[in-house]
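Good morning, and thank you for making time for this item.

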Amino acid sequence: MSEVLVLVEHVDGEVKKATFELLSAARRLGEPAAVVVGAVGTASKVKDALARYGATKVYVAESDDAVNYLVTPKVDALATLAGRVSPAAVLISASLEGKEVAGRVAVRIDSGLLVDVVDVERSGDDVVGTQSIFGGGFVVKSKVSTGTPVITVRPGAVEAEAAEAVATEETVELPAVDPARATRITSREPAVAGDRPELTEASVVVSGGRGVGSAENFAVVERLADALGGAVGASRAAVDSGYYPHQFQVGQTGKTVSPQLYIALGISGAIQHRAGMQTAKTIVAVNKDAEAPIFEIADFGVVGDLFQVAPQLTEEVTKRRG
Amino acid sequence: MNIVVLVKLVPDTYSERKLSDTDHTLDRDSADAVLDEINERAVEEALQLKEAHGGEVTALCVGPDRAVDAVRKALQMGADKAVHVSDAALHGSDVITTAKVLAKAVGTIDGVDLVIAGNEASDGRAGAVPAILAELLGLPQLTHANKVTVEGDTITVERATDDGVLHLQATLPALVSVSEKINEPRYPSFKGIMAAKKKPITTLTVADLGLDPAGVGLSGAWTAVLEAAPKPPRTAGERVEDNGDGGTKIAEYLVGQKLI
Ligand SMILES: Cc1cc2nc3c(=O)[nH]c(=O)nc-3n(C[C@H](O)[C@H](O)[C@H](O)COP(=O)(O)OP(=O)(O)OC[C@H]3O[C@@H](n4cnc5c(N)ncnc54)[C@H](O)[C@@H]3O)c2cc1C
Ligand SMILES: Nc1ncnc2c1ncn2[C@@H]1O[C@H](COP(=O)(O)O)[C@@H](O)[C@H]1O
């Protein structure tokens, strides 16, 4: 069976959930081979976790350059391996960086690129990707017709399923950096990782809109999210009004989320907001305007004041979780 | 400093977007078209850099004839000239082909120090064209920029992602993509609108760029759509008025759905 290369996303020696999802998807297509690009010593920290999700091989590209340059070390590692092992596919998370890496790998190895798929399957000799486009309005199935399929997979779309494997390690030599073509990372200000799950990975997302009214009032949204063990999101109007930071924006120009449960508080449900959340399994909305378009797509809606409804819900949830 | 700014016409997201029934490409006639909002920010950044360092700003667009509106908006904002690649053969091009055509077109402009793009277009949401273009042009990529500074031939950028802020540095010539938070784009002034009418727009075909028309567009794409179907729209579920028990009602619903 051919290998399927999976680019590993990791922070401080911890593998991101999206990588486990990729490994799970890779098992449908061939033998998952994880590719770790990072500082010296990274692979030994992440190898066991990768094997737990079915990686039978861990390719290791470790060096100072691998962390000090943007995007290109990952492209170099994947392109080198694609030439060496002729994989059945290359799977990369559809994160900001993942999309960039994937695009560059695809042109470098003269292969077609499928972006932001929500599902992949094997169909005869082909690898077929399913895409959900225009904010979930259309479902499209595509395949790569030239070269090795390079595919970015939307985080949260494929379920991560553990499958114990034994992983062997193999080193990948990175080519020397060409300073005229490379971008150096001179310093990093890591995001302060809160206690909440990441927005695109969370199974519950509670979002607030302009109706929340102020930055202080967002505590109401946060409390409900915390009671449910979920992430906090915001509409663009809430972000633009300075109620909540930009990286939490959900919608066309923000994050796309597909959680099990999405709760919209004081959000009208503009088409650009829906584009980022309407593939959620269950949508609950609270809005004091009975005509708000969010109710057109909500599975359960309450016409009322979010400052009454949300705290009561928080209390109920806390009680039941006890 | 000579800057090329990449601008794209996209269907207005307020109007309905759909795929054509015949070849599964974006039905660009069904929706109103506008200059992608992120590209206004790209143009703004180019103009600010020009104002600080001198030089010239060229707007570049690959798209059908009516995409000239996107080009014109950039000229009205203050770009000096424009290149518009328009060719029926390009219909149905995928991201890689689009980037290849853009790369060739950038090559027709002399002495380019900086290419500026938006980080992600609102229609395809590929978010990959700038990176692919950097690969093809052999330029360092400084993408998802919240802030751009140029000193001599050194360019520094603040890149904001979920993992935090990265400070990036490279040597010109380079490629930048801008994020939604980088600036507030200016409105074209009346003077700008009048001046734009006299600014040169060079229109090129695929053959002008030395590319084979058969290698671009739907026929040249390295991916193929097998099937496409509109998803049945979500329908409204239950809706209740809050009579002091709205929160409890939601909790009961969630329990019923086994969500809590
Ligand atoms: C190119 C483009 C891209 C965009 N991208 C995005 C995007 O990524 N994400 C996004 O969200 N938007 C985006 N927008 C903006 C979008 O069009 C809307 O303006 C925005 O989503 C509105 O946010 P809102 O629902 O919070 O605010 P509003 O539309 O002002 O709605 C606020 C709602 O709160 C309700 N409300 C007020 N007080 C209360 C209360 N006490 N209790 C209960 N309900 C209350 C009101 O009835 C109202 O329905 C984009 C727009 C454009 C043009
Ligand atoms: N056809 C095009 N013409 C000009 N610029 C483009 C084109 N396609 C993409 N771009 C640029 O690349 C950016 C990102 O687009 P995308 O990768 O398609 O999300 C856009 O904001 C534009 O700056």
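Three helices of chain A, namely helix 7 (236-240), helix 8 (271-274) and helix 9 (306-321), each contribute at least two residues to the shell around ligand 1. Please bear in mind that what you see is a predicted model. The ligand itself is placed between chains A and B. Its shell holds 27 residues, and the closest are R210(A), S235(A), T253(A), S268(A) and N287(A).

For V250(A), a backbone N or O atom lies 2.8 Å from a nitrogen atom of the ligand. For K288(A), a polar backbone atom is 3.2 Å from a nitrogen atom of ligand 1. On its own, ligand 1 has 990 Å² of accessible area, and the protein covers 83% of it.

I now turn to a strand of chain A. Is strand 15 of chain A enclosed by the rest of the structure or open? Strand 15 spans residues 261-265, and five of its five residues are buried, so the strand is largely enclosed by the rest of the structure. L261(A), I263(A) and L265(A) point one way from this strand, whereas Y262(A) and A264(A) point the other way, and buried residues are found in both sets.

Strand 15 of chain A also has pairing partners. With strand 13 (residues 204-208) of chain A, it pairs in the parallel sense over five bridges. With strand 16 (residues 282-287) of chain A, the pairing is again parallel and again runs over five bridges. L261(A) illustrates both pairings: V204(A) stands opposite this leucine, and in strand 16 its bridge partner is T282(A).

Let us move to chain B. This chain has 260 residues, of which 52% count as buried, and its secondary structure comes to seven helices and 13 strands. Its C-alpha trace spans about 65 × 45 × 40 Å along the principal axes. Of the contacts in chain B with a separation of 6 or more, 72% join residues 24 or more positions apart. The accessible surface of chain B is about 11300 Å², and carbon and sulfur atoms account for 50% of that.

Finally, ligand 2. Which residues come nearest to ligand 2? Of the 19 residues around it, they are L6(B), N39(B), V62(B), A121(B) and V129(B). Several elements of chain B each supply at least two residues of this shell, among them helix 1 (37-53), helix 3 (95-107) and helix 4 (129-137). The largest share, three residues, comes from strand 4 of chain B. In this shell, 13 residues are nonpolar, four are polar and two are charged.

A backbone N or O atom of V62(B) lies 2.7 Å from a nitrogen atom of the ligand. A polar backbone atom of A128(B) is 3.1 Å from an oxygen atom of ligand 2, and one of V7(B) is 3.4 Å from a nitrogen atom. Of the 480 Å² of accessible area that ligand 2 has on its own, the protein covers 97%.

How values were computed: Residues are numbered from 1 along each chain as its sequence is written. Chains are lettered from A and ligands numbered from 1 in the order in which they are written. This is a predicted model: local features need pLDDT of at least 70, side-chain atom pairs count only at pLDDT 80 or more; totals for chains, interfaces and linings use all residues. Side-chain values use heavy atoms; hydrogens and water are left out. Buried means under 20% relative accessible area, exposed over 50%, partly exposed in between (1.4 Å probe, protein chains only). Helices (H or I, at least four residues) and strands (E, at least two) are DSSP runs, numbered from the N terminus. Two strands pair if DSSP finds at least two bridges between them. A residue is near a molecule or strand if one of its heavy atoms lies within 4 Å of it. A polar contact is a pair of N or O atoms within 3.5 Å; within protein, one must be able to donate a hydrogen and the other to accept it, and residues adjacent in sequence count only if both atoms are side-chain atoms. Accessible areas come from the Shrake-Rupley method with a 1.4 Å probe; for residues, only the protein chains shown count as cover. Contact means heavy atoms within 4.5 Å. Ala, Val, Leu, Ile, Met, Phe, Trp, Tyr, Cys and Pro count as nonpolar, Asp, Glu, Lys and Arg as charged, and the others, Gly among them, as polar.
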